[in-house]
Amino acid sequence: MEENKKQDNAVDEAEKGSLDQVKKNTKKKKKRAPLSPANKKKLIAAIVAVALVIAILTTVLVVRAVKNNRAPELATVRDRYIELISNAHAVNEILWGEGLPTYPRIYSTGFSFKDSYGEGDKKTEKNISGFVVETEEFGTIVAYHAWMFFIPPGEEDGIYYDFEKDVTLSGKPDEDDFYRFAVRVEEEREGEQKNTYLAENIKTEEVYYYYDLEEFDLNSLWLYTEKDEPYYDYVKENCGYLFVDDIKIAAQKVYSAAMMNAINEGILTGITVSERPGGTLYPRYMDYENTESGEVFLVKFNQDEGYNLTEWVYDFDTMRILPKSNRKTVKLSVERHPTGKPEERTTKTLTFVLENGNWYLDAPSY
């Protein structure tokens with residue numbers, strides 16, 4: 001028993017020595033002295049100052065960003081906007097309105113008859129050809145040319161001979177004289193010269209021909225053939241547009257790149273919406289190669305009459321740049337009224353975008 005007590009006491013002494021050693025090896029943490037009221041005020045002031053600096057810097061950056069993205073002053077873009085608005089109507093008419101003028105679909109009916117030159121064994125027959133067209137302005141027109149170049153039998157040199165007037169010509173007639181024109185009517189006209197040459201050679205009953213159109217311009221007609229595209233009409237050559245690219249160039253001067261993509265797809269190229277009948281949107285204009293001549297002509301789709309666009313008169317003194325406009329996109333309000341109807345004044349909102357250093361309309365202005 002006594003021996004066991006001695007062992008327990010030895011263990012207790014050893015554990016006590018270990019604890020004392022741990023306490024000696026462990027450094028005591030120093031307690032931080034509390035801040036004095038003056039130091040507290042200095043610390044708070046420093047924190048507030050830093051917060052203010054951060055707030056000011058943030059405000060400056062925001063203001064600078066807003067300023068850099070601010071819409072332009074109206075005075076700096078006014079003339080350009082007026083130019084775009086004024087020029088847009090003509091482009092709108094081509095794209096969405098009545099469209100470019102086309103030649104009416106006139107088909108011709110050809111005819112020919114024989115005439116002769118000389119007598120006896122020297123008599124030579126030649127075909128005189130022409131065509132008949134129906135026009136809205138003049139009714140039935142007969143176009144023909146009664147002269148011919150040929151070499152008489154036994155002669156070495158050829159001649160130009162006018163069968164109708166029975167005269168030998170000094171040379172080849174001018175292009176303007178290539179065709180002669182007469183009007184076909186069903187009743188004789190008093191006091192007017194009858195074209196006996198046609199009447200005698202074209203054997204038709206109750207049909208008369210008159211020299212009413214001696215100065216008629218054949219170029220005013222465009223004669224269609226059965227080989228031409230049935231749904232496209234030829235655009236008049238004197239309208240100022242000969243190819244699709246001419247239309248694109250005019251539109252690009254007014255509308256933005258995004259608008260041009262829509263115009264190209266919907267008006268100048270065409271798209272297929274679905275495989276069902278009617279699912280294809282055909283281009284309003286296209287370059288068409290004539291199968292007979294090989295020439296390329298501008299043609300217009302004749303199944304789409306377009307919109308009846310209003311011609312507007314704008315009051316540019318009322319132009320205002322609207323909120324939410326920025327440096328590159330401007331929304332503008334302007335008052336306008338239909339031509340001749342000032343009492344029907346309305347306000348139109350237009351969108352302009354800045355591209356490559358210049359402004360363009362970003363939506364149709366009609």
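**Contacts, strands and turns in a predicted model**

Reader: Which residue does Asp-233 meet in a salt bridge, and at what N to O distance?

Author: The side chain of Asp-233 meets that of Arg-105 in a salt bridge, at 2.5 Å from N to O; the term stands for a side-chain nitrogen of Lys or Arg within 4 Å of a carboxyl oxygen of Asp or Glu. This is a predicted model, in which local features need pLDDT of at least 70 and side-chain atom pairs count only at pLDDT 80 or more, while totals for chains, interfaces and linings use all residues. Residues are numbered from 1 along each chain as its sequence is written, and side-chain values use heavy atoms, with hydrogens and water left out.

Reader: Where in the chain do Asp-233 and Arg-105 lie?

Author: Asp-233 is in strand 10 and Arg-105 in the loop between helix 3 and strand 1, so that the pair links distant parts of the chain, 128 residues apart. Helices (H or I, at least four residues) and strands (E, at least two) are DSSP runs here, numbered from the N terminus.

Reader: And is each of them buried or exposed?

Author: Asp-233 counts as buried, because its relative accessibility is 11%, whereas Arg-105 is partly exposed at 28%. Buried means under 20% relative accessible area, exposed over 50%, and partly exposed in between, with a 1.4 Å probe and protein chains only.

Reader: How many salt bridges does a search of the whole structure find?

Author: The search finds nine salt bridges. One of them joins the side chains of Asp-317 and Arg-78 at 3.3 Å, N to O; because Asp-317 lies in strand 15 and Arg-78 in helix 3, that pair ties together parts 239 residues apart in sequence. Asp-317 is exposed, with a relative accessible area of 61%, while Arg-78 is partly exposed at 27%.

Reader: OK, on to helix 3 itself: where does it bend?

Author: Helix 3, residues 74–95, bends by about 35° at Ala-88, where the bend is the angle between axes fitted to the seven residues ending at a residue and the seven starting there. Ala-88 is among the buried residues of the helix, which also include Arg-80, Tyr-81 and Leu-84.

Reader: What does Arg-80 lie over?

Author: Arg-80 lies over the face of Tyr-360, at 5.2 Å from the ring centre. A charge sits over a ring if NZ of Lys or CZ of Arg is within 6 Å of the ring centre and within 35 degrees of the ring normal. The charged end of Arg-336 is likewise over a ring, that of Trp-312, 3.8 Å from its centre.

Reader: Switching to strands: how does strand 1 pair with strand 2 and with strand 9?

Author: Strand 1 (residues 106–117) runs parallel to strand 9 (residues 223–224), with two bridges joining them, and Ile-106 has Leu-223 as its bridge partner. With strand 2 (residues 124–135), strand 1 pairs in the antiparallel sense over ten bridges, and Tyr-117 stands opposite Thr-124. Two strands pair if DSSP finds at least two bridges between them.

Reader: What about the turn of that hairpin, which residue takes a positive phi?

Author: The hairpin has six residues between strand 1 and strand 2, and Gly-118 takes a positive phi near 90°. Lys-324 has a positive phi of about 75° although it is not a glycine; Lys-324 is found in the loop between strand 15 and strand 16, and counts as exposed at 83% relative accessibility.
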